[in-house]
Amino acid sequence: MTAALEVRGLSAGYGPMQVVHDVSLTVGRGERVGLLGLNGHGKTTLLRAIVNLVGWRVGQVELHGRTLMGLATHAAASRGVVLIPQGDALFPGLTVRDNLDSGAYGSRSWHRRGQRRDRVLDIFPQLASRLDQPAGTLSGGERRMVSIGRGLMAEGDLYLVDEPSVGLAPILAVSMIQTLFSLELDGGGMLLAEQNRALIDGQIDRVLHLHGGRLTDGPEAADGKPGDAGGRGATVRA
Amino acid sequence: MSILVSTLNLAAIYSLVAIGISLTWAGLGFLNLAHGVIFTVAGYGAWWTAEHISTSPWIVVLAGIAVGAAAGAAVCLGVYLPLDGRRNWEIRTLTATLAISFLGANVLQEAFGPEPKQLPSLFGSGQFKIGDTVVTADKSGAIVTAVVVLAILVVGLLRSRVGLGIRVLTQNAEGAAIVGINRRRLAFAILAVSGALAGLASVLLAQVFYVSPDSGYVPLVTGLIVALLGGLGSIPGTIAAAVLVAAVEALTATYLGGQYVLMTMFLLIAVVLLIRPRGLGGLLESARA
Amino acid sequence: MPKDILPKGFGFWSAALLIGLFLPLIADGPGFLGDCALFAIWASLNVMWSLVLGTAGIQSFATLAIAGASGYAATYSSLRWGISWPLMLVIGTAFGALVGLVVAIPAIRLRGIYFALLTFGLAQLFRSYTTVTDALGGARGMYGADSFIPLDMIGTKSGAMIGYYAGFGMLILALLIYLAVDGGRLGLLLRTARESEPFARALGIDVVRARMAVFLVSSAMMGFVGAFYASYYRGVSPSIFDFSTLLLLFAMIVVGGLGSARGVLIGTAILLFINQHWLEAGPARLIAAALLMYLVSIFTDKGLVGIPEQIRRWSAVRRVRRMGGAANPAAAPALVGVGADTQDRSAPAAANVERT
C-alpha cells in the first residue's frame, strides 16, 4: 500500500537561496505526522515545496503513489493536497461564506459545498453568525478558523498545516490543535508544522525534526520515536 | 433632466468598458491597453455582420459581444499566457498590449479603410417624454441594456463557481492557487467576459457615433480613468466612478463646451486621487483590509 | 586583456561618439541631418525618462507634459519679451524643474499606476489648455521664436549642421546626466531601495528624497530639451502633447531596453528610422513598428540590448541541465538562480502584495 505522501530527496528554495536540503519523509494513510523545528529552519518552505509554492524545487514528491512533480500549485490542490498556510492567505474582501466556499472550488466538492460548510460550522460554531461578514473584519482567531475551515471544505487526501497555533492566545491554540487532530482523515494524511512540541505531544503519531533545512534525529531522538521513523530517514549530506 | 439622461447613457457605456479593465487588472495583474482595440474590433464585427449576414438587432448585438469575447480570448492567448510569470512581466504586458492596440488600429485601417462605418439602428428611432425632456430610444435602450447586462454579470460573479474564482483571484493570487484555482484557465474567462462587455459597449456607442479604426481610443482612455478612479477590482466602485465621470463630462459639455471635457476630467482625477489615493473602491467596500 | 581595463561598454560608446562626430561629413543632405537632430531630441528625452522610470522607479508619464510646457514657456517669453535663444534654454530648464516639482508632490502620496494615470492626464490637460488658449496660439501653436540656427541658414546644409551638432551636444549632456545620476550615489541608493525598501530605510536612506532628486534633475533636463525643441523648430504646437507621441517614446524605451542608456538610444534609433524612413509605406510602417514592439515584449525580458544576457542565461541553464542538474541538488540553485525565466507566481504574487 502506498503512503499518503512520499517525499524523496527534496531540495527547495528561492532564487539563489536553498532552504530545504535533500529531505525525504513519508506520511502513511491516516497518519498524523508532526514537523518540529525552530523559526527559519525551513518548515514553511518544506510544506510549500510539496505544493510547488516555492521559487524552485528538485527531488520527488508523490501523493498516493502519483507524482506531484511538474504540477502547479492549483493542480496539486485539485489532486487533494490541502495547504493551510501560515498567515492564512484569506480573501479579506470576500465574505466568510465565500472564503469557505472557495475551499470547495475543486469540481468534486463544489456541488456538496453546502453540506461541507455545515460541517465546518459544526466544528467552529462561532463562524455561523459571521457568514456574511467580510473576512477582513474578523479577529485573528476567527481568521484562523476560516483558514482551517476553508481547508476542510475540500475533500482532501493530504493536509499540510503550517503552524496553526501561531499568533493565537495559548488556550485558543490548544483548542485549535485539538480540533485539527480530531478530524477524520479517511485514508489521507496530515503533516503539521509546529515549533511548540508541548502543543502536539501525545496527540501525534510521529514527529520529524527539521533543523537548518535538513531532517535530523532531533533532541528527543532517544525517546523511542526517532525523527525518521518513517523508514526512509533523512539523508544528511556531509 | 437631459443632462441626467446623457449622464446615465455615458455611465452605462463607461461601466461596461471599465469593468473589463478593472477585472483584468485585479484578477490577472496587468493593465490591458488592448482593451480599446477589442472595443473597435467588436464594433467592426457587428458592422460586418450587419452588412453580410443580418441587420436584426439581436444578431448585431450578439455579433459584437461574440467578436469582443473572441478578441479578449486572443489577448489572453497572445499576451497573457506567453508572459505570465516571466521576468519583468508587468512592463512587458503593458508593451505587448500597447503594440496590439497600434497593430489593431492600423490593420483595421488597411482592411476597411479610414472612413467610419455606421451600424443599423438597434432600438428604432422612437422617443418619449419624461416631463418636458425628450428621451430618444437609442439612449434609453443603451441604458436599459447596460443595466440588464451588468446585473447579469454581478449575479454571475456572486453566484457561480467561475464567478467566485474570479473574485478570489482579485483578492489573493497565492490563496487562489492553494484552493485549486487555475489562474491561466480563468484568465480566458476574465478576458473573454471583459471583451464581451467591451463589445456590447461598442455596439451601444455606435448608435451615437460611428465605428472607425481609432474609435476605441477615447473609450480606452475613459475606461482607464474610470477603472482607476473606481479602485481597481471593485465593481461598485467602478460603477460609481463611471457615473461621476459621465456626470462631469455631461455637465462640462453642456455648460462649458466639449473642448473643456478633458480639463475638467483631469481636475476630477486630481481631486479624487488626492483625497482617496486608491480610488473610490475603498469607500464602498470599507471592509477591505 | 585590454578588455578588462577599459570601462564596460567602452567600445560601443567610442564608436557611437566617432560616428556622431563625423556623420555629417558623409551624410547626404539636410533631410537626414534633420532626422538626426530629431533623434537627438527624442533620445535626450528618453534617456531622462528612463532615469525616472528605471533608476528612480517612478511610473511617470509626465515627460512630454514637462518638455512641452517648457517649450511653451520658452516660446512665449521669446515672443513676448524678445529674449534670445540661450535665455530660452535657461527659462525652459527652470520651468521644467518647476513643473517637475509640482508634479512630484502627489507622487509622494500616490503609488504606481495611479501616479501614471495622473501624469498621463497632465499631458492631456496641457494639450486641451493650449488648444483653447488664444494667448498661446490655440490649436495652431506659436511660432516665430528665436533660434540658434540663424534665419538665413534655414533649409541650407550649414543650418542643418548647426542643428545636428547642437542636438548632438545636448544628447551628450543628457547621457552625462544619466551617467552621473544612475552610476553615482543617487543611483546606488535607489538600487538598494529597489531590492528592499525597509532595508534601505533601516540604513538611513531617505528613499523619497532620493527619488524626488532624480525626478527633479530629469525634469529640469526635460525642460531644457523642450526649450531646445522650441528653439530648433522656432515654436511649439499642442501636438507636442499628443498621446501617440508619448506612446511612441515609451515604445522606444521599452523596445531598446529600459534601464540602459544604450538600449534607449538603440530603441529610439530603430523606431525613429521606421517612422521617418518608411513614410511611403503608409500604415504598413506602423504595423511593422507595432509587430516589432510585440515580438520584443514577448521574446525578450529586457528589450533588445538584453538579448545577449538572456542568451547567456539560457545556455547556462541548458549546460547545467545537460550535466544532470536535477540529479545533483547542489547544482540546482545555480540552475534556477541564474536561469528560469519562469518564476512561477512570483511576479503576480508580488503585484498582489503591493495591492492589498
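Which residues in α1(B) meet Ile166(B), Leu169(B) and Thr170(B) in α6(B)? They are Leu23(B), Ala26(B) and Gly27(B), where a meeting is a contact, that is, two C-beta atoms, placed from the backbone, within 7 Å of each other. The structure is a predicted model, in which local features need pLDDT of at least 70 and side-chain atom pairs count only at pLDDT 80 or more, while totals for chains, interfaces and linings use all residues. Residues are numbered from 1 along each chain as its sequence is written, and chains are lettered from A and ligands numbered from 1 in the order in which they are written.

Chain B contains 12 helices and 2 strands; helices (H or I, at least four residues) and strands (E, at least two) are DSSP runs, numbered from the N terminus. In order from the N terminus, the elements of chain B are α-α-α-α-β-β-α-α-α-α-α-α-α-α. The radius of gyration of chain B is 19 Å, close to the 19 Å that the globule rule gives for 289 residues, so the chain is as compact as a globular protein of that length. This radius is taken over C-alpha atoms, and the globule rule is 2.2 Å times the number of residues to the power 0.38. The C-alpha trace of chain B spans about 55 × 45 × 35 Å along its principal axes. Of the contacts in chain B with a separation of 6 or more, 74% are between residues 24 or more positions apart.

Buried residues make up 59% of the 289 in chain B. A residue is buried if 20 or more other C-beta atoms lie within 10 Å of its own, exposed if 12 or fewer, and partly exposed in between, with C-beta atoms placed from the backbone.

Helix α5 of chain B covers residues 137-159. At 1.5 Å a residue, its 23 residues should span 33 Å, and the end C-alpha atoms are 32 Å apart, which agrees; the expected span is 1.5 Å times one less than the number of residues. Among the buried residues of α5(B) are Asp138(B), Ala142(B), Ala146(B) and Leu150(B). The buried residues of this helix pack against α1 (2-28), β2 (133-136) and α8 (183-205) of chain B.

Helix α6 of chain B (residues 161-171) is mostly covered, with 8 of its 11 residues buried. The buried residues of α6(B) include Leu164(B), Arg167(B) and Gln171(B). Their cover includes α3 (96-102) of chain A, together with α1, α5, α7 (173-178) and α8 of chain B.

The axes of α1(B) and α6(B) are 6 Å apart, and the two helices pack at an angle of about 65°. That makes α1(B) roughly perpendicular to α6(B). Axes are lines fitted to C-alpha atoms, for helices over the stretch in contact, and angles run from 0 to 180 degrees between N-to-C directions. Angles under 35 degrees count as roughly parallel, over 145 as roughly antiparallel, 65 to 115 as roughly perpendicular and the rest as oblique. The contact of α1(B) with α6(B) has 4 nonpolar, 2 polar and no charged residues. Ala, Val, Leu, Ile, Met, Phe, Trp, Tyr, Cys and Pro count as nonpolar, Asp, Glu, Lys and Arg as charged, and the others, Gly among them, as polar.

Chain B also touches chain C, in a contact of 39 residues from chain B and 41 residues from chain C. On the side of chain C that touches chain B, α6(C) gives the most, with 11 residues. The residues of that side divide into 26 nonpolar, 9 polar and 6 charged.
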